[in-house]
Amino acid sequence: MDERQLRILRELGELGSVTAVADALLVTPSAISQQLRLLQRAIPVPLTERQGRRLVLTDAGQALAGAATEVESALARARHTVEEFLDRPDGEVSVAAFHSAGAMFFPLLLRALAGPDGPVLALADKDVTQDDFPPLTREYDLVLAHRLDHAPPWPRTVAATPLLREPLDVAMPADHPLAAKRRLTPSDVADQPWIAVHDGFPIMATIEAIATAAGRRLHLAHRINEFTVAAEAVAAGGGLALMPRWTSRPHPALILKPLSGVQARRRIDALHRPERTARRAVRTVLTELRRAAQTIRAEE
């Protein structure tokens, strides 16, 4: 049995005929009769009986019709509860981000949503490989994820809101011999030691593209995912590294140089399950993420 069938039974008990029920529910009498037959299959005793030309409820039918009233009331309360939940402006919204995005976006979110009536943020850092970002949407309302500009799109199981298309520059000490160049090519940097991310992380594909364009393997001296740690290693003479132009914190001893000859750009997107944005609070946070991206981009 389902909600519609129970409502038909209830209306039959109040209105007294299939035709009257059909008129009240704006359907045909045959449709009403069909639903009553389907309901009857689920009940081991008769629910209706003929009295002349009229179809009336049996005692069992009247008992079930009374229960139908309680079911409809409970469902109405449940719908109202869900509607209130979806429309709450101050509901909790969980946001996960990889480290460099969290460092830039989280403070902007916290300041923008600090008022008493806004969403309650639950922030988390997640340093995962590219393929592991979409599964995080099961656990978090919004996931800040990155992939290279030319990488395959995110799977259809998640929705993606674009935030930034960020250049990846070559970081080096300010007194490095290559610092005098305005732009760098793969050949310029191929003979240098490199500080690279671990395999499976998006920026590693750009490191591999540099090697392909230069026609030789790069010397990967160190593997460091966290950009602030990598920046310190670069400053200490450990090698060159790719750094995001906007979401890595400036280091006083380093300079960033743009790279030509390869696609050196990443996308930062907010991933989420489509149903998550049914909540007003999630939509509010997503709007603030877009504003934060504009602020980050404007600070170049």
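## Basis

Helices (H or I, at least four residues) and strands (E, at least two) are DSSP runs, numbered from the N terminus. The model is predicted, so local features need pLDDT of at least 70 and side-chain atom pairs count only at pLDDT 80 or more, while totals for chains, interfaces and linings use all residues. Residues are numbered from 1 along each chain as its sequence is written, and side-chain values use heavy atoms, with hydrogens and water left out.

## Ala235

Ala235 lies in helix H8 (residues 227–235).

Apart from neighbours within four places in sequence, Ala235 is in contact (heavy atoms within 4.5 Å) with His251, Ala253 and Leu254. From Thr185, Ala235 is 50 residues away in sequence and 21 Å away in space, C-alpha to C-alpha.

## Aromatic pairs

The structure holds 2 aromatic pairs. Rings of Phe, Tyr and Trp (its six-membered ring) pair if their centres lie within 6.5 Å; planes under 30 degrees apart count as stacked, over 60 as edge-to-face and the rest as tilted. Phe98 and Phe133 have ring centres 6.1 Å apart and planes at 70°, so this pair is edge-to-face. The two are 35 residues apart, Phe98 in the loop between strand S3 (92–97) and helix H5 (99–112), Phe133 in the loop between strand S4 (120–125) and strand S5 (142–148). Both Phe98 and Phe133 are buried.

Phe133 and Trp154 are also edge-to-face, because their ring centres are 6.2 Å apart and their planes at 85°. Trp154 sits in the loop between S5 and strand S6 (159–173), 21 residues from Phe133. Phe98, Phe133 and Trp154 form one aromatic cluster.

Note on methods: Buried means under 20% relative accessible area, exposed over 50%, partly exposed in between (1.4 Å probe, protein chains only).
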